[in-house]
Amino acid sequence: MKVWRLLRKSVSPRNFYSKLLYIINFFHLNEVKMLREVAIVGVGCTGFKSITPDMSYKELMFEAATKAYEDAGVDPRRDIDGFVCCSEDYWEGYSIFDEYVPDQIGAALKHLCTVTADGLYGLITSFMQIRAGAFDIAAVEAHSKASDILTFAGIVAFALDPVFNRPLGGHPHYIAGLEMKRYLYETQATKEQCAHVVVKNKKNALDNPLAAYGANITVEDVLESEPLFYPLSRLDASPLADGCVVMVLASDSVARKLTDTPIWIKGVGWNSDTPWLETRNWGRAIHTELAAEMAYKMAGIRNPGKDIDLFEIDDQFSYKELQHLEALKVCKRGEAGKLTEEGVTQRDGDLPVNPSGGLLGVGYALETSGLQKVLEVVLQLRGEARKRQVSDIKTGLAQIWRGVPTASGAVIVLGGR
Amino acid sequence: MFVKKRVAVVGAGLTLFRRNLKETGRELAYEATKMALDSAGLNLKDIDCVTLGSAPDAFDGIHMKGENLVDGAGAWRKPYSRVFVGGGTGVFVANAGWWHVASGLFDTCLVVAEEKMSSCFPHPQYAFTTIFDPIMDRPLGINLVWIFALEMHRYMHVHGIKKEQIALVSVKNKGNALNHPCAQLPAKITVEDVLNSEVMVWPVQRLDVSPTSDGAAAIVLASEDVAKKVTNNPVWIDGVGWCIDSTYWTNRDLYYPKYVECAARMAYKMAGIKNPRKEIDVAEPYDPFDYKELHHMEGLLLCKKGEAPKLTEEGVTQRDGDLPVNPSGGLLGVGNPIAAAGLMKVCEIFWQLRGEAGKRQVPGDPRTGVAQAWGDLMQYGSVTVMRS
Amino acid sequence: MSAKIREYPGEEIKTRDLMEGRVPVVRWRPEAKYAWAAGVAMSRFLKELKMGRIIARRCRKCGRIVVPPRMFCEWCFRPTDEWVYVKDTGIINTYSVSYLAADATRLKEPIIVAVIELDGASKGIGILHVLGEVKPDDVKFGMRVKAVWEPPGKRTGAITDIKYFKPVQEA
Amino acid sequence: MSLERITDPREIEHWTGHMETDYVYTLGIAGEIFFREIKENAKIMGAKCKKCNLIYVPPRLFCERCFEKLNEWVEVSKRGMVHTYTVAYIDVDGSKLKEPIVWAMIRIDDVHGGFVHKLGEVNSQDVKIGMRVEAVFEDKEKRVGSILDIKYFKPVG
C-alpha cells in the first residue's frame with residue numbers, strides 16, 4: 001500500500017533521485033521496521049499582539065488549542081494522546097511551568113511533557129514520538145506571555161554564565177551587537193543590507209493579520225533609529241509579542257483520513273554549538289549549519305536554494321536573517337546581504353524569505369517564534385496565505401535560533417503533496 | 001506493519017549526591033556523562049544526540065539552564081534538547097532518550113540529568129515557593145512540604161494507614177543506601193527514630209523526607225544493532241509511559257495517583273506486561289517522602305490500593321523480599337538532586353538487571369524492572385520498564 | 001558497572017564553609033519581576049473576593065461547578081458556560097499542620113493548612129487555605145468550616161481577603 | 001475560546017510578583033584554579049587538551065570536543081586581539097547609559113578562547129577589529145577572585 005502511494009505521488013525530475021532512494025530504502029528497511037511519516041494536520045493561532053492584558057496565559061492557550069483542534073477536526077479528549085508544550089520557567093514567572101499547561105489544551109490525564117525550548121523543538125519532539133510509535137495523533141503547544149514580564153533584560157542576563165559573564169553586568173543584548181559586528185566584518189555585508197531585511201519584513205507583516213509590528217518604512221528609517229549596541233540599532237531588533245500557536249500532528253494513515261492537505265514533515269534537524277561565549281564562532285551560525293545539514297539529509301535535499309521554495313527563518317535581529325540564510329546554504333557566505341538588497345528575498349522574488357513578516361514584523365514571541373514560522377509555511381503550502389500567498393510552492397523551510405545568549409537552533413523542512 | 005525499534009541501555013554513570021558539591025553544573029554533568037561513556041566503552045564521537053533532564057532553573061540559578069549545560073552533557077555540536085516535567089524529569093528523560101532512538105533518527109543517545117540545588121541559597125526552599133499559583137496559593141505563604149503533608153494525610157485517612165507503617169519505608173531505604181557508594185544520607189535507623197524526629201508539617205517529619213542535593217547521572221542508549229556490538233549484556237527499555245493530571249490539585253482526590261497508573265499502563269502495554277505484580281522483579285518508585293513509595297507502588301499496580309503498607313510490613317519490599325523496592329536506597333537514602341535522582345533509579349535498574357549492583361544486588365537474577373518518578377503539583381508520573 | 005567502579009566523582013563542600021565564606025563563590029540576585037494578566041476568570045474571581053463572595057464557573061455539559069473559576073472545562077474541553085456563586089462554608093478534605101514558614105525557617109506557632117471543599121461547588125472541588133480559631137488536635141477530616149473575612153475596607157481583591165477558615169457547628 | 005471576554009478595560013486585573021532570591025555559585029574545579037591565580041598572581045591560566053591541541057581560556061575541567069579530562073594548566077598571555085566589539089548605549093533596565101560601554105570579545109594570543117569583557121582607556125570610535133589589547137587588573141588588595149578582578153582591557157602599541 002505504501003509503495004503504491006509513493007508511486008502515485010507526482011515524481012518531479014527534481015526530486016526523482018531522492019524518491020528513488022526512498023523507495024530503495026523502504027524495501028531495505030522493511031525487513032527490520034517501517035518508519036512512519038508524520039504530517040501537520042491542524043493549526044491554531046491567537047494572533048500576535050504587543051500586549052494581551054485581558055487574557056491569562058491559560059485563556060490564550062485555550063483559544064489557540066480550540067482553533068487547532070477545529071482545524072484538524074479532532075476532539076482532544078477522544079482523539080489525541082500525546083501532547084508537548086514548550087516553555088522556560090523564567091519567561092513565565094513560575095518554576096515548573098509544566099504544571100500549568102494540561103487543562104486548557106485538553107491534556108489532563110494524558111501524555112503531556114514539556115520541552116524547555118522553542119516550539120520548533122517541541123514539534124520535532126512530537127514528530128519523534130509519533131515516529132517511535134508512541135502515538136498516532138499528537139499536539140504541540142507554545143505560547144508567549146512576554147507582556148507578563150516586567151524585567152525582560154534582567155531575565156536574559158540570568159541566562160549568562162554566572163561565573164564568567166554575568167558579573168560584568170550590562171544589557172545582555174550586547175552579545176547580539178558583538179555578533180553583528182563580527183558577521184558584518186567577515187562577510188562584508190553592510191548595515192544598509194541589514195536595514196533592507198527590516199524594511200522587507202515589516203512590510204510583509206502589513207499583509208499578515210496575525211502580525212503585531214507591520215510598518216511601511218525606509219532603509220533610512222532603520223539606519224537613523226537609535227543605536228543600541230553598535231552596529232545594532234533599535235529597529236534591527238524584533239520587538240516582543242504575546243501569542244500562542246497549537247499544532248496537531250498525525251502519523252501517515254491517520255493524517256490522510258483527517259485532511260486532504262496534510263503538510264508532511266520531510267526533514268528535521270537541531271543542534272547546539274558551545275555554550276561558552278569565549279570559544280564560540282562569532283561570525284557564523286554553526287548550530288543552524290549543522291541542523292540544516294541533518295534536516296537536508298533526511299529530506300533528501302541537495303540544493304537548498306533550488307529545492308526549497310520558501311523560507312521562514314529566524315530574524316530576531318536583522319543580521320540574523322542574513323547569517324541564517326547563509327548557514328542554511330541557500331546562498332554563499334557573504335551573498336545574503338546582496339540578494340536582499342536586490343529584492344531576491346522579497347515575497348515575489350526567487351527566494352521568498354519571511355513572507356509572514358518574520359519576527360521583525362510579527363513580533364518576537366519567545367518560545368512561540370518557531371511555531372509562528374512553521375505556521376506560515378503550513379499556510380503557504382496549503383495555499384491559504386491569502387495576500388501573502390507565494391505561488392507555485394511545494395517545499396518550505398522554517399528555522400529558529402534560541403536567542404541571546406544561546407548557540408542553539410532548529411530546522412524543519414515541510415512539504416505539501 | 002509498523003514494528004517498533006528496540007532501545008538498549010549500554011552504560012551508566014553517577015556522581016556523589018551531596019548537600020553541596022564544588023563542581024559547577026557543567027562539571028557535574030560531565031563527570032556523570034564521562035563515566036557513562038566509559039562504562040559503555042564508547043567515545044563522545046560515537047554519540048549521535050543528547051537529551052538532558054533538569055528540574056527548575058530556580059535551583060541552579062540559571063535561566064535556560066539546559067543551554068548552559070550543553071558542553072557538560074557532551075552535546076557540543078550535536079542535536080540536543082532538554083525535557084522538564086518537574087520531579088518526574090529524571091525518569092522521563094530516559095523516555096526522551098528512548099524516542100530519540102526508537103524514532104529511527106539516531107543510533108546512540110546520551111541521556112543526562114543534572115541538578116545543583118545548593119546554588120539557591122541559603123535554602124532551595126525558595127525555589128519551591130515559585131512552583132505555586134501566584135494568585136491562589138503563593139499569597140498564603142505556602143511551603144512545598146504543605147502540599148505533600150496534605151496528600152500524605154489524605155492517603156492515611158482514606159486507608160486508615162498509621163505513621164508507623166509509613167516509617168518502615170524510611171528505615172528500609174536509608175538502610176539500603178548504606179551499600180550505595182554515592183549516598184548522601186545512608187543510615188541505620190528505627191521506626192522510633194522516624195516517629196521521634198522533628199515535625200516539619202504534620203504528618204511529615206524530618207526523617208520522612210529526602211534531603212536537597214547536588215548531583216548528576218547519565219546513561220547511554222543505543223539501537224539494537226549498536227547495542228549488540230558494544231555489549232553482550234544490554235538492558236532493554238521495553239516500555240515507557242508518562243502522564244499529567246489536572247493543574248487544579250485542590251479539585252482532585254489526592255489519596256491515589258491516577259496519573260502514575262495512567263503512565264504505568266502506557267509503559268506496561270508497550271512492554272506487554274499484563275500482571276505487573278508477577279512480572280516485575282525489582283522496582284524503583286519515586287520516594288522523596290516515605291509515603292510516596294507506598295503511593296507509587298499502588299499507582300504502578302504492584303499492589304491494590306491501600307495495600308502497600310501491608311506489603312512493606314511483611315518485608316516483601318526488602319532487598320531480599322519477593323518484590324524488592326528501592327534496593328538503591330532511593331531518594332530517602334541516596335539523596336535527591338531532583339532530575340539526577342530520577343535517573344539514578346534508572347541506573348539502579350540497569351545495574352540490577354545486569355547483575356552488577358554489588359552489595360545492593362537483589363537475589364534471584366531479576367529480569368524485569370521498573371523505575372518511576374513523580375512531579376509537578378502532585379500530578380506527573382513517568383515510568384520506564386526495563387528488561388535484561 | 002556500579003560494583004566495578006571504585007571512585008565516584010564529586011568534591012563535597014560543608015554547608016558551614018559555604019555559609020561562613022570559606023569557599024570562593026559568586027553571588028547574584030536576579031531581576032525577575034512579573035505582572036501576570038489575571039484574565040477573564042481570575043479578574044472576576046478577585047473582584048468578587050473583594051466583595052466578600054466566592055465565584056465559580058459551571059460547565060453545562062458535565063454539570064461541574066468549579067473553583068477557582070476557569071473559562072474552559074478541562075474534562076470536556078469546551079468553554080464553561082456561566083458564573084455561579086458558591087458558599088464560603090465547606091468541609092475539610094485534608095489538612096496538615098505546618099511548623100515551617102515559606103522560607104523553611106521554623107515557626108513557633110504552627111499554621112494549619114487545609115483543602116476545603118466548598119458548599120455549592122461540585123463534590124471534591126476545594127481550595128487551599130489556612131484554618132484559624134482551632135487547635136491542631138481538634139481538626140478532623142470532614143469538619144465543617146466557614147470563611148472569616150477581612151473587613152470590607154481592608155480587602156484588596158486577593159485570596160487573603162479571607163483571613164482563614166474556622167470551624168462551625170454542623171448545620 | 002472563552003464564551004466571555006473582558007470588554008471594559010477597567011475590569012482587567014494584574015497580579016504582581018517575582019522570582020527573585022539569592023544565589024551563590026561555586027567557581028567549579030577549573031574555575032577555582034583560574035580565579036585563584038588571577039587573585040593572587042594576576043596570572044591568566046589556561047587548560048590544555050593534548051588530544052585536540054587546544055588551550056582553553058578560561059580553563060575547563062574537560063575538553064568539550066573530545067571529552068578528555070584536562071589537568072595540564074598553563075599560564076597564557078595577558079594580551080590579545082579584539083575579535084569583535086560593540087558599543088552599548090542602553091543599560092539592563094533599558095535606560096540610556098551616561099557613558100556608552102565598549103564590549104569586546106578578546107582572543108588571547110595562542111589559545112582557544114579569551115574573554116568577553118569591557119574595553120577601557122579608548123574612544124569607542126577608535127576601536128577596531130584586530131586591535132591589540134591587554135588586561136588591566138584591579139589592585140591586588142581589591143581582587144576577590146572574580147571576573148571583575150580584570151577591570152577592563154586596554155589598547156597596547
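## Helices α7 and α12 of chain B

In this predicted model, helix α7 (residues 163-176) and helix α12 (residues 290-299) of chain B have axes that come within 7 Å and cross at roughly 100°. Axes are lines fitted to C-alpha atoms, for helices over the stretch in contact, and angles run from 0 to 180 degrees between N-to-C directions. α7(B) is therefore roughly perpendicular to α12(B), a term for angles of 65 to 115 degrees (under 35 counts as roughly parallel, over 145 as roughly antiparallel, and the rest as oblique). Helices (H or I, at least four residues) and strands (E, at least two) are DSSP runs, numbered from the N terminus.

On the α7(B) side, the contact is made by B:I166, B:A167, B:V169 and B:S170, and on the α12(B) side by B:D290, B:Y291, B:E293 and B:L294. Two residues are in contact if their C-beta atoms, placed from the backbone, lie within 7 Å. The residues of this contact comprise five nonpolar, one polar and two charged. In this division, Ala, Val, Leu, Ile, Met, Phe, Trp, Tyr, Cys and Pro count as nonpolar, Asp, Glu, Lys and Arg as charged, and the others, Gly among them, as polar.

## Helices α6 and α17 of chain A

In chain A, the axes of helix α6 (residues 119-131) and helix α17 (residues 369-382) come within 6 Å and cross at roughly 70°. α6(A) and α17(A) are therefore roughly perpendicular to each other. A:G119, A:L120 and A:L123 of α6(A) meet A:G370, A:L371 and A:V374 of α17(A). By class, the residues of this contact are four nonpolar, two polar and no charged.

## The contact of chains A and B

Chain A contributes 52 residues to its contact with chain B, and chain B contributes 53. On the chain A side, α5 (89-92), β3 (111-115), α6, β8 (263-272) and α12 (286-299) each supply at least two residues. The largest share, five residues, comes from β3(A). The side of chain A that touches chain B has 28 nonpolar, 12 polar and 12 charged residues.

Between chains B and D, 21 residues of chain B are in contact with 18 residues of chain D. Helix α1 (residues 25-40) of chain B gives the most to the chain B side, with four residues. That side divides into 10 nonpolar, five polar and six charged residues.

α1(B) has 16 residues and reaches 23 Å from its first C-alpha to its last, close to the expected 22 Å (1.5 Å times one less than the number of residues). Because 15 of its 16 residues are buried, α1(B) is largely enclosed by the rest of the structure. A residue is buried if 20 or more other C-beta atoms lie within 10 Å of its own, exposed if 12 or fewer, and partly exposed in between, with C-beta atoms placed from the backbone. Just after α1(B), B:G41 takes a positive phi of about 70°.

## Residue B:V334

B:V334 is found in helix α14 (residues 330-334) of chain B. This residue is buried, with 34 other C-beta atoms within 10 Å. The C-alpha atoms of B:V334 and B:F17 are separated by 6.8 Å, although the two residues are 317 residues apart along the chain. Leaving out residues up to four places away in sequence, B:V334 touches several others, including B:F17, B:A177, B:H180 and B:M344.

## Confidence and conventions

The predictor gives the complex an ipTM of 0.96 and a pTM of 0.95. For chain D, the mean pLDDT is 96, and 100% of its residues reach 70 or more; pLDDT is the predictor's confidence in each residue, from 0 to 100.

Residues are numbered from 1 along each chain as its sequence is written, while chains are lettered from A and ligands numbered from 1 in the order in which they are written. In this predicted model, local features need pLDDT of at least 70 and side-chain atom pairs count only at pLDDT 80 or more, whereas totals for chains, interfaces and linings use all residues.
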